[in-house]
Structure formats: C-alpha cells, structure tokens
Amino acid sequence: TEREGENDIRLGTFGKDWMGLACELGLKLHVVATMRELPPWVSQNANESFFDRGRCIERPNDEIAGTPSVANPTIWRLAQQFTRNVTKALIQEYGTCIQSVSPTLNNEFETRFVQTRDMMRDHSPSAMELYRQWQVEKGYVTSESQALKPPLLPCFGFCKPVVQESSTRFLGFREEFLAERYTTLCRGIKESAVEVETTTGGKVLHRAECLLHFGEMFATTDILHSNIFFDLAKSPHVDHLVMDSNMALSGAPSSPSIVGVLVSTAQSYGKQIHYEAATERILTCDDNGKSIHGEEDVEGKWEEGGHLLLKTGITHALEAGVQSLGLTNLCEPRLAGQLFESVQVPSKNRGNAKDVNVLAASAFQPTAVIFVPYRAFFAFKAITSGVTCDAKPTTCWHPSFASMPFFGAAKRAQGQGHCPTDVAQSALLTLWDELRTRHAHVSVIGDVERLTAGILQGATERVLLQIPCVMESHHWSFYEGAAIHQKYRAISKEFSFVDHVDQNLNSFADCSKTI
C-alpha cells in the first residue's frame with residue numbers, strides 16, 4: 001500500500017473491495033500491516049545494510065536474508081512511519097469497522113524473527129552495533145570494545161545445552177530488541193487515532209487496537225525464532241493475542257493438547273485471546289487447492305486422522321476459555337460448518353444441549369499451575385523424538401496419526417508407527433495432560449512475574465517442570481536465570497511446588513558438553 005513513494009498510501013493497490021463488503025455486513029476488520037519486504041520505491045536505492053543477516057556454523061559468512069532489518073535506522077524509521085500512516089488511512093477509509101492492526105516483520109506474519117535456512121537473525125552491522133551498545137547499557141562491560149561477540153551456533157539441531165555466557169547474553173539481547181520494536185509499533189497504532197463520523201451523524205475519535213500473532217512456543221525451536229510473547233503479552237499497547245498452532249511442529253502430527261497449553265498460558269494477561277487453527281499440515285490440499293481427502297462428506301471422519309486432531313485442538317481451546325476461533329488455509333471452506341458441528345461443548349444456557357459454547361475468559365479458573373521458565377527452552381535446538389540426538393521415539397497421540405503425511409525431518413520416521421515430536425514440548429504436554437485428569441483448568445506460567453498470589457492460592461497442585469542442564473537445583477543457566485531462580489525460590493517458600501523431571505527429556509541430555 002506504499003509502493004509508489006514515501007507516505008503515498010494507496011489502499012486500493014491490488015484491489016481490496018472485499019474489505020468494504022465486510023464492513024457493510026457489519027463485521028469488524030483485523031488488518032495485517034506487513035513489512036517483510038521493501039516496497040519498490042525503497043528497494044530501488046537499497047544497499048546491503050538495509051537487510052537482516054543470518055549466520056550459523058555451517059554458513060559462517062553472514063548471508064543477506066532479503067528481509068528488512070529494523071536494526072537499521074533508516075528501515076526502522078520507515079517501518080514506524082508506515083505503520084502509523086497505514087493505520088490512519090484505514091480508519092479514514094473504513095471508520096470504526098477497523099478493530100485492530102497487526103504489524104509484522106516476519107515472513108509468516110508472526111511476531112518473531114524471520115526464519116529461513118535455519119540461520120539465526122540478525123547479524124547485520126546495525127544489529128551488531130546495537131548489541132555492543134546494549135551490553136554497555138546493561139553494565140556487562142564499560143566500553144563497546146569489551147563487548148562479547150555473538151555466538152556461532154550450529155545451523156541444524158544441536159544436542160549440547162546452550163549455557164555459556166556468550167550464547168545466553170546474545171539470546172537475551174535478541175529477545176529484548178525485537179520485543180521493543182513490536183511494542184513501539186503497537187504504541188504507534190494506538191496513537192494514530194482519527195475522528196470519524198458515526199451512523200447518527202456525529203463524530204468520534206476512533207483508535208485501532210493492536211493484534212499480534214504468535215506461533216507455537218515451549219519448544220526447542222524457540223532458540224531460533226526467539227520468544228517475545230511474554231514481553232509483549234503484558235504490554236498495555238497490545239490488545240489481542242493470536243495463538244497459532246498447526247499441531248505438527250516437528251513435521252508429524254503432535255498432541256492437540258498444545259492448543260490448550262497455548263490458550264491457558266495467554267489467560268494470565270487479560271487480553272482478547274484468539275486461536276488460529278492452521279490446517280495446511282493436517283488437512284492438506286493438492287496443487288489445485290482441493291482437499292486431498294476428496295469431495296465426499298467427511299461428517300463421519302471427525303474421529304480419526306487430521307479431522308480428529310483439528311476437532312480436539314479446538315475443543316481444548318474452548319475448554320481453556322478462548323474468546324475467538326479462526327481457521328487458516330482450509331482448502332475446503334465448507335468443512336468449517338461440519339467442524340464446528342462436531343465440537344461438542346455443553347452450553348450452560350441450554351442444559352445438556354451439545355452446542356459450541358465459546359467460554360468467557362473469566363470462566364478460566366485454574367486449580368493447578370505448571371511453572372517452566374520460557375527461556376529454559378532456548379537450551380537446545382530441534383530435538384525431535386526418534387529422529388535427532390538419539391531421543392526415544394514417541395507413540396502417536398492417536399493410531400490414525402501414523403498414516404497422515406509427514407514433512408521435514410519427520411519424513412525419516414514415516415511408516416515406522418510413531419510420530420516424531422519436539423521432546424521439550426512433549427514433556428510439557430504430558431505433564432499438562434496428567435494434571436488435566438484431575439483439574440478442568442491448568443495454568444501454564446512461563447514468566448516468574450506471573451506467579452501471583454491470586455493464581456497460586458487457588459491452585460491445589462503446583463508443579464515446576466525442570467529442563468535438564470539449564471535448571472540445576474542451585475543455578476538456572478539462561479539469560480537472567482539467577483534473578484529468576486531467586487524470585488522463584490522466594491515464592492516457593494510460601495507456595496510449595498513439586499519438581500517434575502521428564503524421563504524422555506532427560507534421556508538424551510549430556511550436561512557435561514555445552515555450547
């Protein structure tokens with residue numbers, strides 16, 4: 001929408017008549033403002049410093065990734081300016097129909113670092129300069145010449161834990177840097193209010209809200225993407241949290257419990273929670289955009305395969321009190337009706353009638369709490385059961401999942417009767433499932449600051465999930481681990497926790513060899 005020149009916002013580019021139609025139907029619009037590539041007027045005069053760079057051991061020379069680097073002062077100024085201008089233009093055109101704007105710098109429209117070719121971002125000159133400045137500001141060094149250089153980590157999965165200062169410090173910088181950028185963009189959206197006419201002829205100052213989209217977390221992929229959910233969810237400038245899962249993170253069908261975990265985690269922040277059910281990996285389409293499952297009625301198939309996985313994931317979202325549901329990449333939209341008909345959640349207003357009932361967020365009343373510091377998941381990268389690091393194979397959540405198409409590294413296990421999953425995420429899901437046999441609602445806390453008396457007093461079971469090598473009894477070896485451990489120990493003196501060690505997670509970890 002800003003392709004011709006600076007500040008030249010053209011909402012009609014590529015045709016967006018459907019937006020006006022949605023408003024005429026009385027719907028609200030959540031609009032994505034993507035900045036994952038440079039507009040033509042910028043790219044004509046772009047230089048290498050405008051783009052982010054990735055590095056890893058197998059590719060030690062910085063590779064230009066092709067996506068703009070918001071560490072670059074020029075790019076960052078343009079990104080802020082575009083976000084504010086497009087927000088104002090949208091409100092001027094569509095008025096109060098604009099519910100929110102979602103700024104994104106990511107190639108998948110998610111709120112995290114761009115990821116291609118397994119290279120960690122951002123190693124651009126501008127980012128490295130900011131990293132050196134950050135180390136001085138934090139008091140790690142007294143001058144930039146003393147600053148640590150970022151680590152050179154393996155491109156692909158690594159089984160050795162990441163505990164060395166040169167690694168954990170850089171991971172902390174990446175997290176704080178990107179979270180600050182998105183916070184600033186969201187603040188700009190909310191400050192871009194426009195006076196619009198009301199249906200009664202009056203005028204009102206309308207502000208768009210800020211919506212952010214988060215991919216799966218609590219996994220050994222977090223080290224690559226970073227995890228800025230916890231920094232942003234507590235920001236007053238963020239209003240909507242979209243929790244996204246295709247329930248196939250490692251390339252094979254996983255447990256639908258991940259959806260309940262994601263929504264339960266988001267409940268701690270008092271925001272509008274959406275669940276995005278991404279269907280592209282579980283209800284796959286052919287090259288013509290048609291379902292590979294055929295045109296036949298699938299009403300009887302909701303108890304097996306991808307249909308069961310999708311249905312159960314949405315059920316868990318509803319049980320955890322999600323406030324909004326969405327489907328993406330569903331190649332047969334007609335299936336949406338059958339899907340929601342298949343989800344049976346008793347409605348309080350209609351006795352035992354089997355109606356889809358989206359529970360209010362206030363209905364989430366956890367009586368059990370799992371605490372696991374989210375940065376502990378940065379300890380390893382891409383540990384997949386039955387595929388990498390000699391991690392033991394895991395049984396498929398349902399036998400029919402074994403015959404579903406696998407992708408990525410999981411293809412190596414196709415036909416062997418088990419489903420490769422992220423080992424760290426699986427440990428959390430197994431614990432959550434076990435507690436759910438006794439508790440309708442289980443809160444998952446990743447930030448020690450959210451271990452409040454209000455949550456802990458209502459819990460009859462409180463569990464600490466330990467990640468090997470980085471959560472020793474006397475020390476937690478991740479960014480700000482010592483301070484977080486100290487706070488946890490103080491809290492646990494008043495509210496007792498039970499330590500939980502997952503045997504499968506511990507089976508591959510060799511804490512004597514570190515990165």
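Visitor: What should I know about the model before we start?

Guide: It's a predicted model, where local features need pLDDT of at least 70, side-chain atom pairs count only at pLDDT 80 or more, and totals for chains, interfaces and linings use all residues. Residues are numbered from 1 along each chain as its sequence is written, and side-chain values use heavy atoms, with hydrogens and water left out.

Visitor: Why is helix 4 called roughly perpendicular to helix 5?

Guide: Helix 4 (residues 125-137) and helix 5 (residues 165-191) pack at about 105°, with axes 11 Å apart. Helices here are DSSP runs of H or I with at least four residues, strands are E runs of at least two, and both are numbered from the N terminus. Axes are lines fitted to C-alpha atoms, for helices over the stretch in contact, and angles run from 0 to 180 degrees between N-to-C directions. The labels go like this: under 35 degrees is roughly parallel, over 145 roughly antiparallel, 65 to 115 roughly perpendicular, and the rest oblique. So helix 4 gets called roughly perpendicular to helix 5.

Visitor: Which residues in helix 4 meet helix 5?

Guide: Ala127, Met128, Leu130, Tyr131, Trp134 and Gln135 do, and their partners in helix 5 include Phe170, Phe173 and Arg181. Contact means heavy atoms within 4.5 Å. By class, that contact of helix 4 with helix 5 has 8 nonpolar, 3 polar and 3 charged residues. For the classes, Ala, Val, Leu, Ile, Met, Phe, Trp, Tyr, Cys and Pro count as nonpolar, Asp, Glu, Lys and Arg as charged, and the others, Gly among them, as polar.

Visitor: Why does Ser226 count as buried?

Guide: Buried means under 20% relative accessible area, exposed over 50%, and partly exposed in between (1.4 Å probe, protein chains only). Ser226 has 7% relative accessibility, so it counts as buried. Ser226 is found in the loop between helix 6 (222-225) and helix 7 (229-233), and its phi is near 70°, a positive value in a residue other than glycine.

Visitor: And what makes Asn7 partly exposed?

Guide: Asn7 has a relative accessible area of 45%, so partly exposed is the label. Asn7 also has a positive phi, about 70°, although it is not a glycine, and it lies in the segment before helix 1 (17-24).

Visitor: What makes strand 14 and strand 16 edge strands?

Guide: They belong to an open sheet of 4 strands in the order 14-13-15-16, with parallel pairing. Strand 14 (442-445) and strand 16 (498-501) each have a single partner strand, so one side of each is left without a neighbour in the sheet. Two strands pair if DSSP finds at least two bridges between them.

Visitor: How do you know that strand 13 and strand 15 pair?

Guide: Strand 13 (residues 368-371) and strand 15 (residues 461-466) have 4 bridges in the parallel sense, against the required at least two. In one of them, Ile370 has Val463 of strand 15 as its bridge partner.

Visitor: What is the order of the sheet of 6 strands?

Guide: That open sheet runs 1-4-7-8-9-10, with parallel pairing. Its edge strands are strand 1 (29-34) and strand 10 (324-328), each pairing on one side only. Inside the order, strand 7 (residues 209-214) and strand 8 (residues 240-245) pair over 4 bridges, and Leu211 stands opposite His240. Helix 3 (residues 73-94) packs on the sheet, touching strand 1 and strand 4.
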